[in-house]
Every structure is written in C-alpha cells, then in structure tokens.
Amino acid sequence: MSRAKTERPRVGDRRVINGMVYTIRTGISWRDLPERYGPWKTVCTRFRGYALDGILARGPAA
C-alpha cells in the first residue's frame with residue numbers, strides 16, 4: 001500500500017488495527033470511532049485496503 005506524500009507522520013498500525021476491531025465489535029459507524037484510534041478516515045481506508053489485499057482473510061500469521 002503506497003502512502004501519500006504528506007508532512008504528517010503515519011498513524012501506528014497497532015492503533016489503527018485496534019480501531020478496526022473496536023468498530024467491528026461495537027457496530028458503530030466509522031465516523032463515530034473514538035479519537036484514540038486515530039482519524040476515522042485513516043482507519044477506514046486501511047481496513048478497506050487490507051480487505052482488498054486479502055490480508056484480513058488470511059488470518060493471523062503463524
């Protein structure tokens with residue numbers, strides 16, 4: 001996944017994945033995601049990218 005060239009630092013993967021899990025478990029909309037998980041758009045965009053790449057379907061690494 002390529003990243004846009006911005007001056008902002010990348011939000012940590014663990015933080016974003018925790019946001020994905022929180023969203024899925026609670027059933028909230030992406031826009032209602034608490035700020036502690038990073039920007040909701042970032043979490044949503046990475047979730048979509050991971051889903052399209054098949055990363056989420058593979059399951060945990062052995």
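Good morning. I begin with Thr23, which lies in helix α1; helices here are DSSP runs of H or I with at least four residues, numbered from the N terminus. This is a predicted model, in which local features need pLDDT of at least 70, side-chain atom pairs count only at pLDDT 80 or more, and totals for chains, interfaces and linings use all residues. Residues are numbered from 1 along each chain as its sequence is written, and side-chain values use heavy atoms, with hydrogens and water left out.

Thr23 is buried, at 6% relative accessible area (buried is under 20%, exposed over 50%, partly exposed in between, with a 1.4 Å probe and protein chains only). A polar atom of the Thr23 side chain lies 2.8 Å from the backbone oxygen of Gly19. Residues up to four places away in sequence aside, Thr23 touches Ile28, Trp30 and Leu33, where contact means heavy atoms within 4.5 Å.

In one of them, Trp30 and Phe47 are tilted, 5.4 Å centre to centre with 50° between the planes (ring centres of Phe, Tyr and Trp, the last by its six-membered ring, lie within 6.5 Å; under 30 degrees is stacked, over 60 edge-to-face, the rest tilted). Trp30 sits in the loop between α1 (13-26) and α2 (40-53) and Phe47 in helix α2, so the pair ties together parts 17 residues apart in sequence. Phe47 is partly exposed, at 24% relative accessibility.

Finally, Met20 contacts Trp30 and Phe47, among others, leaving aside neighbours within four places in sequence. Met20 is also one of seven residues in the largest nonpolar core, a set of buried Ala, Val, Leu, Ile, Met, Phe, Trp, Tyr and Cys residues joined through side-chain atoms within 4.5 Å. The elements giving two or more residues to this core are α1 and α2.

How values were computed:
Polar contact = N/O pair within 3.5 Å; in protein donor to acceptor, adjacent residues only side chain to side chain.
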